[in-house]
Amino acid sequence: MIRRIFCALAGLALLAAPASAADPVKIGMITTLSGGGSGLGIDIRDGFRLAIDQEGGTLGGHAVELIVEDDARKPDKARQIADRMVERDRVDVMTGIVWSNLAIAVVPKVVRDGVFYVSPNAGPSLLAGKGCHENYFNVAWQNDNLHEAVGQYVKDEGYESAFVLAPNYPAGHDAIAGFKRYYDGEIAGEVYTKLGQLDYAAEIAQIRAAEPDAVFFFLPGGMGISFIKQYDQSGLRESVPLFGPAFSFDQTILGAVGDAALGVVNSSQWSQDIDNVANEAFVADFKEAYGRLPSLYASQGYDAARLIASALKATGGQVKDDMDAFREALRAADFQSVRGDFAFGANHHPVQDIYMREVVKQDGVLTNRITAKAFEDHKDAYVDECRM
């Protein structure tokens, strides 16, 4: 039924589109499709493509050309691709970047060059605050947000000391800053690991020596897989529980982690069990299209496409011919998010609810179940630094 509803809506959109053969809107997607963390980029791409497929190859009733390239998680390569997309391909909108260091390397120049950027993931504090720009929108979060929710939860649950660790790059520093913003207990240890690190024996030894009540970590992709497994094997988890954001307990990760993740509480602004029509349709259609449950990253890629679709519909498919109108249409966020209610703050970052989830096994598959709402209509901490 849900599939038929989307097909019907797509058909109406096509009927409403102008009969003349207009040039398609060009969307450049730079994301990580190979090497470490490639699962995140693949899911962002697949979620974005699903939204296009649901509309029969259009967004907002207008033809789009999606140009996808792999950054291999390398800032220099991402910059080169971005320059090529802007100068040669003449893209109207860009999206796709997973990692904050790549976003910082690419986004400022892209938006200054008159191209809109819609982030489906990376939300570094620099781009939310002093480095904000009228052509930059983030449909996912500001990096600190999910970590702030964990800090609040660990505090509320009465853990008096916490050991914190994250990779030594912009999102890692944002993560620990976010956790500490809402957690006022003792920090038993604070460690920044190498980006891409896979051996955590030394860090686990430090945790054991520090004897904290809890461990908060942010280690996305393969880093988190390695750490959770090694932490479970160390036996520490029985006495010192782990807490983290969705990144290390997302659908992309859980299959690789296995039962070592069962019961771990984590934070997210999305979950496959959020009860609304848009989310039910997204989960069902993603499973049908790709044969797997969608991840948080897939949901963000999908919402990025739906946001762009709403702006194209509102402006009749015009982007560069009337940038002010397209910008206002993006700012209005007039689309049905898989998260439910969605709005942008003054810095073009989401104002949204954030949930606590628990890793469970459902029909033999590891997934997450919402257990509580950590924040309602939560704004990021950098919005007042933004001057637009």
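These are my notebook entries on a predicted model.

**Ground rules.** I number residues from 1 along each chain as its sequence is written, and I use heavy atoms for side-chain values, with hydrogens and water left out. As this is a predicted model, I take local features at pLDDT of at least 70 and side-chain atom pairs at pLDDT 80 or more, while totals for chains, interfaces and linings use all residues.

**Domains.** I looked up the domain assignment, which gives domain 1 (24-141 + 275-348) and domain 2 (145-268 + 354-384). The bounds come from an automatic or database domain assignment. I find 26 Å between the two domain centres, taken over C-alpha atoms. In the contact list (contact means heavy atoms within 4.5 Å), 22 residues of domain 1 meet 23 residues of domain 2.

**Core.** I then turned to the largest nonpolar core, which has 117 residues. Such a core is a set of buried Ala, Val, Leu, Ile, Met, Phe, Trp, Tyr and Cys residues joined through side-chain atoms within 4.5 Å. For burial I use relative accessible area: under 20% is buried, over 50% is exposed, and partly exposed is in between (1.4 Å probe, protein chains only). Leu59, Met94 and Phe227 touch the most other members. Helix α12 (residues 296-315) gives the most to this core, with 11 residues. Helices (H or I, at least four residues) and strands (E, at least two) are DSSP runs, numbered from the N terminus. Domain 1 and domain 2 both give residues to the core, so it lies between them. I listed the contacts of Met94, not counting residues up to four places away in sequence; among them are Gly28, Ile30, Met85, Val110, Phe116 and Val118.

**Tyr183.** Tyr183 sits in the loop between α7 (170-182) and β8 (186-193). Tyr183 is buried, with a relative accessible area of 4%. Leaving out residues up to four places away in sequence, Tyr183 touches Gly151, Val154, Lys155, Tyr159, Glu160, Ser161 and Ala162.

**Asp174.** Asp174 lies in helix α7. Asp174 is buried yet has no salt bridge, that is, a side-chain nitrogen of Lys or Arg within 4 Å of a carboxyl oxygen of Asp or Glu. The nearest side chain of opposite charge is Arg181, 7.0 Å away. Lys and Arg count as positive and Asp and Glu as negative; His and the chain ends are not counted. Beyond four places in sequence, I find Asp174 touching residues including Gly123, Gln142, Asn143, His147 and Tyr382.

**Positive phi.** Most residues other than glycine have a negative phi. I noted Ala72, which has a positive phi of about 55° and is placed in the loop between β3 (62-70) and α3 (75-87). Asp363 also has a positive phi of about 55°. Asp363 is in the loop between β13 (350-362) and β14 (365-378), and is exposed, with a relative accessible area of 78%.

**Ala201.** Last, I looked up Ala201, found in helix α8 (residues 201-210). Ala201 is partly exposed, at a relative accessible area of 49%. Its C-alpha atom is 45 Å from that of Asp113, 88 residues apart along the chain.
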